[in-house]
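Trainee: I would like to learn how to read a protein model feature by feature. Please walk me through one.

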Amino acid sequence: MKATPVRAHRWALKTGMAALSVLALTAVAACGGGNSGSSGSSGSTDKADLTWSFWVAGTEDQAAWQKVADQAHTDHTGITVKLQGAPWDSYWSKIGTTLAGGKAPCIIGMQSLRMASYAGAMLPLDDLMKKYGMKAEDFDKPIMDGLKADGKQIAIPYDSGPMVIFYNKDMFKAAGVPDPKPGWTMDEFKTAAKKLTAAGKTGLVTTPGDLGTMSWVRTMTGAEPLADGKLNFTDPKFEQGFSQYADFVKTDKIAPQVPGGNPDFETQQFTGGKAAMQLNGPWSLIDTKGKVKFNLGIAPIPAGPDGSKTYTAGSGFGISRSCKTPDAAFQAIMSMTSVKPLTTLAQAGRAYPSRTVAHPAWFTAAGIAGAKETIDYASENSVPLVTSKNWVQVADLLNRFGTQALNGEIPPDQALKTIQDQAGAGS
């Protein structure tokens, strides 16, 4: 199945991907910082033919992203960037192997949730940021932090966003349920979801995807998936939050059972009008609005005992340690994440831009009442989802055993213990 610009942000890999990726990640970890690339002192600063490796859905997607790459040549006539695309489902195993081999392209597309697995083969960018005057404060702080490893900036983001609730305003109106607002509680959410679950439709649709699952657990109990950098799935508070999440399906019955092997199930249920709510990211909002036949609204994730809590995620561009022209590569990345291309991406609905100055273009393109209020509120109550080096394997195991837990086939605490035992604590 070909990915779309939205599916390029799916947070789960298909079954079997983890085994391939983990082998590649082991090699990456082994290479550590051993490659010869250095920060900002080798190669030409203003002339280079660069290759950019990124996840790409197809020819239309390739052409759109190549325009982003072309901004580097517009700004620096001696620099060219050629996009080398691969589908999302195969990108991560390929880039892991390539990085480990020490012959990776200069510019690497990197996602915040997976960055920990690859950071050892990437060049820290802090010195280059200082050298060329790039200001971290021009970008959303949660995603800048989310693209760090050991306190070093590994990639510069082009998009970001906190997880929020997409909801079907028409279903809410027909059921006599008021539109959710910032500050709504978990009790209010469950009451609404139960009223919306009728006539073969459900109030919510869930999946065991890592970003969504972690966000629900965090708002319900405040539990984090890591403690001191180690996997923490068997912590009692995390088990409690995950159990409450599983109850949406097996006990509360406000969400349908989750079929295995269909990573698009959640989106299909929501866009098809079969579920009234879905947890998603703002990067998907404009594309979703174009697909649905109902009035679309967004709201923050409902508040648990300590308020509404969610995670921010996003993606960006970094430099491989094997790059011979890091200065030129960084200047290209500066161009690719500058105001003009990010505004264009925002207007096209391809990204919720990481630069705050480009946010108005996205809100105008979205055209959804209350969107700014919701996303600002969610951003204030979000943190980056920091992951472990074995997270690619964790995400795959969560899909497998999390599905069984959501469907009531195994106890939630057993699923979490199995995931932690099989993945290892990580680091």
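The dialogue below goes from the whole chain to its sheets, helices and cavities.

Mentor: First, the ground rules. This is a predicted model, where local features need pLDDT of at least 70 and side-chain atom pairs count only at pLDDT 80 or more, while totals for chains, interfaces and linings use all residues. Residues are numbered from 1 along each chain as its sequence is written, and side-chain values use heavy atoms, with hydrogens and water left out.

Trainee: How many helices and strands does the chain have?

Mentor: Helices (H or I, at least four residues) and strands (E, at least two) are DSSP runs, numbered from the N terminus. This chain has 18 helices and 14 strands.

Trainee: What share of the chain is buried?

Mentor: Buried means under 20% relative accessible area, exposed over 50%, and partly exposed in between, with a 1.4 Å probe and protein chains only. Here 59% of the 427 residues count as buried. The accessible surface comes to about 16,300 Å², and 51% of that belongs to carbon and sulfur atoms. Those areas come from the Shrake-Rupley method with a 1.4 Å probe; for residues, only the protein chains shown count as cover.

Trainee: What share of the contacts links residues 24 or more positions apart?

Mentor: Contact means heavy atoms within 4.5 Å. Among contacts with a separation of 6 or more, 79% join residues 24 or more positions apart.

Trainee: Now the sheets. In what order do the strands of the 5-strand sheet run?

Mentor: Strands of a sheet pair through backbone hydrogen bonds, either parallel or antiparallel. Two strands pair if DSSP finds at least two bridges between them. The 5-strand sheet is open, with the order 2-1-3-13-6 and mixed pairing. Strand 2 (79-86) and strand 6 (155-159) are at the edges; each has a single partner strand, so one side of each lacks a neighbour in the sheet. The twist from one strand to the next averages 30°. Axes are lines fitted to C-alpha atoms, for helices over the stretch in contact, and angles run from 0 to 180 degrees between N-to-C directions.

Trainee: Which helices pack on this sheet?

Mentor: Helix 2 (residues 59-75) is one of them, touching strand 1, strand 2 and strand 6. Its direction makes about 155° with that of strand 2. Helix 3 (residues 88-100) touches strand 1, strand 2 and strand 3, at about 125° to strand 3.

Trainee: Where do the parallel and antiparallel pairings fall?

Mentor: Strand 1 (residues 48-55) and strand 3 (residues 107-111) run parallel, joined by 2 bridges. Trp52 stands opposite Ile107 there. Strand 3 and strand 13 are antiparallel, over 5 bridges, with Gly109 opposite Phe317. Strand 6 and strand 13 are also antiparallel, over 4 bridges. In that pair, Pro157 stands opposite Gly316.

Trainee: Is strand 13 covered on one face or on both faces?

Mentor: On both. Ser315, Phe317 and Ile319 on one side are buried, as are Gly316 and Gly318 on the other.

Trainee: Why call Phe317 buried?

Mentor: Because its relative accessible area is 0%. Beyond its neighbours within four places in sequence, Phe317 has contacts that include Trp52, Leu125, Tyr158 and Met336. Its C-alpha lies 8.6 Å from that of Gln111, 206 residues apart along the chain.

Trainee: How should I read burial in a helix?

Mentor: An α-helix has 3.6 residues a turn, so residues three or four places apart point the same way. In helix 15 (residues 359-366), the buried residues are His359, Ala361, Trp362, Phe363 and Ala366. These pack against helix 12 (285-291), helix 14 (339-347) and helix 16 (371-380). Gly367 follows helix 15, with a positive phi near 60°. In helix 13 (residues 326-336), 10 of the 11 residues are buried, so the rest of the structure largely encloses that helix.

Trainee: Which strands form the 3-strand sheet?

Mentor: The order is 10-7-11, open and antiparallel. Strand 10 (277-280) and strand 11 (296-299) are the edges, each pairing on one side only. Strand 7 (residues 164-168) meets strand 11 over 4 bridges, where Asn168 has Leu296 as its bridge partner.

Trainee: How many cavities of 30 Å³ or more are there?

Mentor: Rolling a probe the size of a water molecule over the atoms shows where empty space is left. On a 1 Å grid over the protein atoms alone, a cavity is a set of points where a 1.4 Å probe fits but cannot get out; lining residues have an atom within 4 Å of a point. Grid points are joined across faces, edges and corners, and a volume is the space filled by probe spheres set on the points. The structure holds 2 such cavities.

How values were computed
1 Å grid on protein atoms, 1.4 Å probe; cavity = no way out; pocket = protein on both sides within 12 Å on 5 of 7 lines; lining within 4 Å.
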